[in-house]
Structures are given as structure tokens and as C-alpha cells.
Amino acid sequence: MTRAPRALPLGCRCGHVRGTANDVAPDTGFRFVCYCHDRQAFARFLARPDVLDPGGGTDIFHMPAGRVRFAAGTDAVRRLQFSGRVFRWYTECCRTPIANTAGPRFPVVGIIHCFMNHDADGCSRDEVLGAPLCRIFEHSAIGPLPPDAPPPRSLSLVARRLPTLLGWWWRGFGRPNPFFDAHTNAPLSRPRVVTPSQRAALANAD
């Protein structure tokens, strides 16, 4: 049975940064698990190994950026960059990873599972977001994948998702982006840029 879209509470573990993701349902976003080195390094930078599954994967829900709102705590939102392409957002107050974005004009935000209070009404993550549709960069896994790991990304899945992403952009669902000023496109915070040597150290950390 298709679940009706809902407003999903968002928040860091100390409760300072709070918000809402609106119109959330399995068919209004795209859930996947990423095993890339940078996501693992991000968790290590934050000293949050609990964010990763046993293989080093991060559970992420892609949704239109314009459906995400902050209600409190933007003063503690910070940005980390390993490269110029992906902005990784986290809270300074309790080191909770929030999301990934790709700039103010890209219509997608990837909310990280630990920032979502999906169980606020007693529902499981699968019930709220649907099961993960795929995994990516599994060659970077740090251990055996969980028995219930989703299948690898396929070309047919990419082909089905591309029109959805273009539709979000065309219909203006990516605006306003909560991580950037609606008028100037300035980000909420200046980036903390990780140098190549720091990145390597994080990637190789136990």
C-alpha cells in the first residue's frame, strides 16, 4: 500500500538544530546506501562511527531541497568540503551529520538518516522512506556488506531517476534551498576545507 506523504521531523542528537522535511514518502524521494571513501571520512571527521553500517555505508534519502526547512539552530550548521563539488553539512553543537548538497542551484538534498526522526510516530525507516533502492561505491566498503544490503545501482534505475531530478528542477522544487540564502545564494557557513593529506588520513583511519 502506498503511504501518504508526511512532514518528517529533523533534528540533531542534542536537539539544538531542528527542522522539517515535507511531503516525504517512498515515492517522493530516492533512498540509497553509499560506501564511498569521502562519506566514510566524513563520519570519521565527526567521530560518528555509528552513522555507518558494518560495511561503512551511509543511508541517504535524496529529496527536493525546497521541501526541507530549518526551524532552529542554523547558527550551529557547518560545512565541510573534500572537493568543490559536494558540500557536507553537519552540526557544530553535537557533530551530527545533516545532509549533502551540490550547490544552491542543484535541486537535490541528500538527508543523512541520523538527522531524520522517522520513528517519531512509531514507524520504521523502511515504512517512512521505503527500502533502499540501490547501493553505490560498494568497492570502497570497509567490511562485508550487511545481508540485507540493497542491490548495486543499475543503468535502468539511473534512467528512471533522471526525469524525476529534471522535473524537480523544472518545477522549482529545489528552491528555496535551506542551506543557501535565497537572494544571494551565499551558504549558511564558510567551508572547512579538508586538505588532501587530511583527507588521506581520514580515509585510512581505523
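Which element supplies the largest share of the lining of the largest pocket? That element is helix 3, with 7 residues. The model is predicted, so local features are given at pLDDT of at least 70 and side-chain atom pairs at pLDDT 80 or more, while totals for chains, interfaces and linings use all residues. Residues are numbered from 1 along each chain as its sequence is written, and side-chain values use heavy atoms, with hydrogens and water left out.

**Largest pocket**
- The largest pocket holds about 910 Å³ of space; a pocket is an open set of points on a 1 Å grid over the protein atoms alone, where a 1.4 Å probe fits, with protein on both sides within 12 Å along at least five of seven lines.
- Its lining (residues with an atom within 4 Å of a point) has 32 residues, and Phe32, Arg39, His62, Ile136 and Arg153 lie nearest the centre.
- At least two lining residues each come from strand 3 (30–34), helix 1 (37–45), strand 8 (97–101), strand 9 (108–112), strand 10 (134–136) and helix 3 (155–170); helices (H or I, at least four residues) and strands (E, at least two) are DSSP runs numbered from the N terminus.
- By class, the lining of the largest pocket has 20 nonpolar, 5 polar and 7 charged residues; Asp, Glu, Lys and Arg count as charged, Ala, Val, Leu, Ile, Met, Phe, Trp, Tyr, Cys and Pro as nonpolar, and the others, Gly among them, as polar.

**Second largest pocket**
- The second largest pocket has about 300 Å³ of space.
- Of the 19 residues that line the second largest pocket, Arg31, Val33, Asp53, Asp59 and Asp148 are nearest its centre.
- Strand 3 and helix 2 (125–129) are the elements that give two or more residues to this lining.
- The lining of the second largest pocket splits into 10 nonpolar, 2 polar and 7 charged residues.

- Strands in the order 1-2-5 form an open sheet with antiparallel pairing; two strands pair if DSSP finds at least two bridges between them.
- Strand 1 (6–11) and strand 5 (68–72) are at the edges with a single partner strand each, so one side of each has no neighbour in the sheet.
- Strand 1 and strand 2 (residues 18–24) run antiparallel and are joined by 5 bridges, and Leu10 stands opposite Gly19 in strand 2.

**Thr96**
- Thr96 sits in the loop between strand 7 (87–91) and strand 8.
- Thr96 has a relative accessible area of 1% and is buried (under 20% relative accessible area, 1.4 Å probe, protein chains only).
- A polar atom of the Thr96 side chain lies 3.3 Å from the backbone nitrogen of Arg13.

Definitions and conventions. Grid points are joined across faces, edges and corners, and a volume is the space filled by probe spheres set on the points. Buried means under 20% relative accessible area, exposed over 50%, partly exposed in between (1.4 Å probe, protein chains only). A polar contact is a pair of N or O atoms within 3.5 Å; within protein, one must be able to donate a hydrogen and the other to accept it, and residues adjacent in sequence count only if both atoms are side-chain atoms.
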